[in-house]
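Keep the structure open while reading.

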Amino acid sequence: MKMKGARIVIETLIELGVTDVFGYPGGQVIDIYDEIYNCSDRINHYLTAHEQGAAHAADGYARATGKVGVVIATSGPGATNLVTGIATAQLDSVPMIAITGNVSRALIGKDSFQEIDITGITLPITKHNYFVNRIEDLSDCIREAFKIATSGRPGPVLIDIPKDIQNAEYEYEVRPVPAKFPNKQPSSSSIEKAIRIIDSAKRPYIYIGGGVIGASAEKSIIKLAEKVDGYIGCSLMGISAIPTDYERFLGMQGMHGHYASSMALSAADVIIAVGVRFSDRATGNKEKFATSAKIVHIDLDFAEINKNIDCSVGVIGDIKESLSEIISGISQKNNTEWHAQVAALRAEEKSFVKRTDRLTPDKVMRIINAIKDADTPVATDVGQHQMWAAQYCSFEKPRKFISSGGLGTMGFGMGAAIGAATGTGHRTVLITSDGSFGMNLNELATAVTYNVPLTIVLLNNGVLGMVRQWQTLFYGKRYSNTTLDRHTDFVKLAEAFGAEGIRTSNEDEFRSAFKKAYKSGRPVVIDCIIDKDEFVLPMLPPGGSIENIIVDTEGM
Amino acid sequence: MSKFILAVYVDNKFGVLTRVTSMFTRRGFNIDTLTVGETESPEYSRITLSMSGDGYARAQMINQLRKLYNVKKVELLDEESSIHRELMLIKVKNSSKFRQDIMTAVDVFRSKIIDYSTDAMCIEITGEPSKINAFIEILKPFGIIEMCRTGIVALERGSGSILTNDQETE
């Protein structure tokens with residue numbers, strides 16, 4: 001059937017199974033929005049306060065559901081406002097489609113009003129991108145973009161569509177959803193080598209990242225852990241893959257990882273790394289990283305093998321398949337000494353906990369854990385509160401921890417939480433702080449408009465805590481521009497947006513506020529006053545190694 | 001650190017060269033030469049690039065190139081199993097004092113004078129980069145006005161081709 005390019009965009013999205021899009025209208029996407037108006041019974045559009053919020057929402061939607069997140073923005077500033085959101089998705093391998101309008105082809109290259117080369121700008125932060133030059137290519141281009149975004153290691157793909165292409169008419173017919181590019185199967189030689197190394201392990205440590213969640217290989221990891229009789233640790237991106245209370249799970253390792261997890265990794269003789277990229281935040285000084293261990297690196301992306309850390313063997317290919325072949329090839333182990341060693345580390349970790357009467361971040365997280373159900377996505381912003389959430393929040397199911405790992409995007413949380421809540425249809429918690437919340441708090445408007453069941457726990461310490469922590473530890477307490485003398489009343493602010501606000505400064509207040517907010521099914525901001533000198537501990541100093549681990553800052 | 005040459009088959013589409021070079025910037029690769037042109041098949045262009053680096057840099061370059069959607073094939077062309085050529089146009093001052101010396105150099109290096117005027121000569125030379133470097137050294141004392149090098153193009157020896165060879169990423 002013949003139809004306008006703008007309609008082809010919407011029809012192709014629907015054909016590909018898209019039910020929800022996030023975005024913001026503007027001059028060069030007005031035709032696409034006209035078709036959204038026409039098709040509003042088949043596709044939901046969520047209007048955000050700012051394009052960045054829409055991009056983070058699409059990202060959070062994708063992380064929480066495993067589906068593709070779609071965001072639409074106009075040309076020029078609309079498109080550039082997506083950039084941080086696209087880069088966030090790229091660094092965390094999130095499948096996302098960003099559709100931007102552009103000026104008509106005749107006006108391209110003339111510095112026309114709101115014209116920007118968004119394909120040029122997003123080249124290094126997308127998996128791939130398109131400038132649609134011919135109406136004939138439009139629907140296939142969107143199909144191909146989906147295929148690229150979802151195949152192999154996922155990532156964001158941007159499609160820039162000039163206005164005259166949106167207005168041109170062309171034939172469209174519904175096609176079946178294209179199959180993904182097949183994942184490579186691991187080579188038998190790499191599997192055999194991996195099996196030999198794993199069979200030799202007496203102190204095995206399985207180190208998992210976002211790739212495990214992407215591959216839905218969580219159960220295989222548990223099987224592997226049982227068979228090698230070892231422990232599991234994760235990167236920030238691997239959080240929620242393994243139930244927090246699983247006996248072999250030690251939690252996140254790395255710069256702010258759990259003590260027992262980081263120490264066990266450094267004591268291991270074999271590290272089975274699955275779907276991780278060994279980021280500098282996870283390894284510290286690479287020269288001193290896990291020096292006693294042989295590393296088996298299993299990843300879908302061949303380019304990750306030997307990129308950051310040299311491994312003994314790289315198993316390249318489908319993660320589930322690789323794990324299944326390895327599990328069936330290795331023998332059942334019993335590592336009694338290793339259990340004793342890890343039990344001692346865990347006991348040591350427990351001894352670091354200090355008792356105080358004030359409301360501390362770990363208490364906040366434990367109260368949240370006790371009240372939230374297993375299906376609740378927990379989104380975070382970036383900074384100290386993010387690390388506390390990573391350390392103390394408990395999870396039972398994968399895709400429940402929504403956090404910007406690679407890019408570390410302050411301001412990610414509001415959009416991402418809205419995306420996660422609308423995608424899952426479930427009550428959602430955002431853990432944020434006065435610093436991060438300040439970056440995109442305008443999305444509170446979006447949460448109110450769509451009555452999103454979102455409990456916003458705002459850890460308010462009046463400072464940019466993570467930078468302040470570095471300034472305290474490494475910059476002689478010279479607090480350059482990290483003290484926020486803002487006098488923002490977050491309760492009144494929430495009310496001004498049409499949400500509810502509650503201030504809490506002790507455990508009981510917080511518990512009753514959180515219960516009330518969580519059950520209310522609408523957006524509530526809980527302003528949670530904490531001390532400005534709460535530290536995220538343990539800490540491996542940047543570029544340091546496990547010997548430099550800081551577990552206590554008394555006297556510093 | 002050693003020099004190496006990569007042959008890269010890419011889709012012959014608008015913007016593909018930018019995608020490749022943008023990746024170099026993003027990953028911090030510094031290349032020595034890059035040439036791009038049509039191939040036997042209109043669908044593809046062939047990029048030949050040379051760069052210096054250790055084994056790690058070489059592996060990273062190959063892997064990151066292979067990740068680009070428009071890159072179809074990447075092959076390392078080592079010195080023994082491939083032939084390398086570069087073309088240079090070089091303009092030198094023409095004077096009665098040096099004319100004969102320049103002519104002799106042109107002859108010995110089997111190059112060609114392609115433009116001649118009373119005060120300048122333009123010479124075309126093809127060969128391995130080392131030969132071209134040597135030729136420049138010879139001409140320097142006579143006064144080089146300007147020069148232009150194409151960068152290296154290279155093909156594998158024998159009957160194999162980059163598109164038919166197996167690609168193993170491990």
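## Where chain B meets chain A

In this predicted model, 12 residues of chain B are in contact with 12 residues of chain A. Two elements of chain B give two or more residues each to the side that touches chain A: α1 (16-27) and α2 (55-67). Of these, α2(B) gives the most, with 5 residues.

The contact between them takes 6 residues from domain 1 of chain B and 5 residues from domain 2 of chain B.

Which elements of chain B supply at least two residues each to the side of domain 1 that touches domain 2? They are β2 (31-38) and β3 (44-53) of chain B. The most comes from β2(B), with 3 residues. By class, this side of domain 1 of chain B has 4 polar and 2 nonpolar residues. It has no charged residues.

## Chain A as a whole

Chain A has 23 helices and 20 strands. Its radius of gyration is 24 Å, close to the 24 Å that the globule rule gives for 556 residues, so chain A is as compact as a globular protein of that length. Along the principal axes, the C-alpha trace of chain A spans about 70 × 60 × 40 Å.

How much of chain A is buried? Of its 556 residues, 57% count as buried. Take the contacts in chain A between residues at least 6 apart in sequence: 78% of them join residues at least 24 apart.

## A parallel sheet in chain A

Chain A holds an open sheet of 6 strands. The strand order is β3-β2-β4-β5-β7-β6, and the pairing is parallel. Which strands of chain A are the edge strands? They are β3 (44-47) and β6 (128-131), and each pairs on one side only. Neighbouring strands of this sheet are turned by 20° against each other on average, with direction ignored.

One pairing can be followed down to residues. Strand β2 (residues 20-23) of chain A runs parallel to strand β4 (residues 69-73) of chain A, and 2 bridges join them. G23(A) has I72(A) as its bridge partner in β4(A). As a general point, strands of a sheet pair through backbone hydrogen bonds, either parallel or antiparallel.

## A closer look at S139(A)

S139(A) lies in helix α7 (residues 138-150) of chain A. Is S139(A) buried or exposed? It has 22 C-beta neighbours inside 10 Å. The cut-off for a buried residue is 20 or more, so S139(A) counts as buried.

Which residues does S139(A) touch, not counting those up to four places away in sequence? They are I8(A), T12(A) and Y172(A). A further distance concerns E173(A). The C-alpha atoms of S139(A) and E173(A) are separated by 9.2 Å. Along the chain, these two residues are 34 residues apart.

Methods. Residues are numbered from 1 along each chain as its sequence is written. Chains are lettered from A and ligands numbered from 1 in the order in which they are written. This is a predicted model: local features need pLDDT of at least 70, side-chain atom pairs count only at pLDDT 80 or more; totals for chains, interfaces and linings use all residues. Two residues are in contact if their C-beta atoms, placed from the backbone, lie within 7 Å. Helices (H or I, at least four residues) and strands (E, at least two) are DSSP runs, numbered from the N terminus. Ala, Val, Leu, Ile, Met, Phe, Trp, Tyr, Cys and Pro count as nonpolar, Asp, Glu, Lys and Arg as charged, and the others, Gly among them, as polar. Two strands pair if DSSP finds at least two bridges between them. Axes are lines fitted to C-alpha atoms, for helices over the stretch in contact, and angles run from 0 to 180 degrees between N-to-C directions. The radius of gyration is taken over C-alpha atoms; the globule rule is 2.2 Å times the number of residues to the power 0.38. A residue is buried if 20 or more other C-beta atoms lie within 10 Å of its own, exposed if 12 or fewer, and partly exposed in between; C-beta atoms are placed from the backbone.
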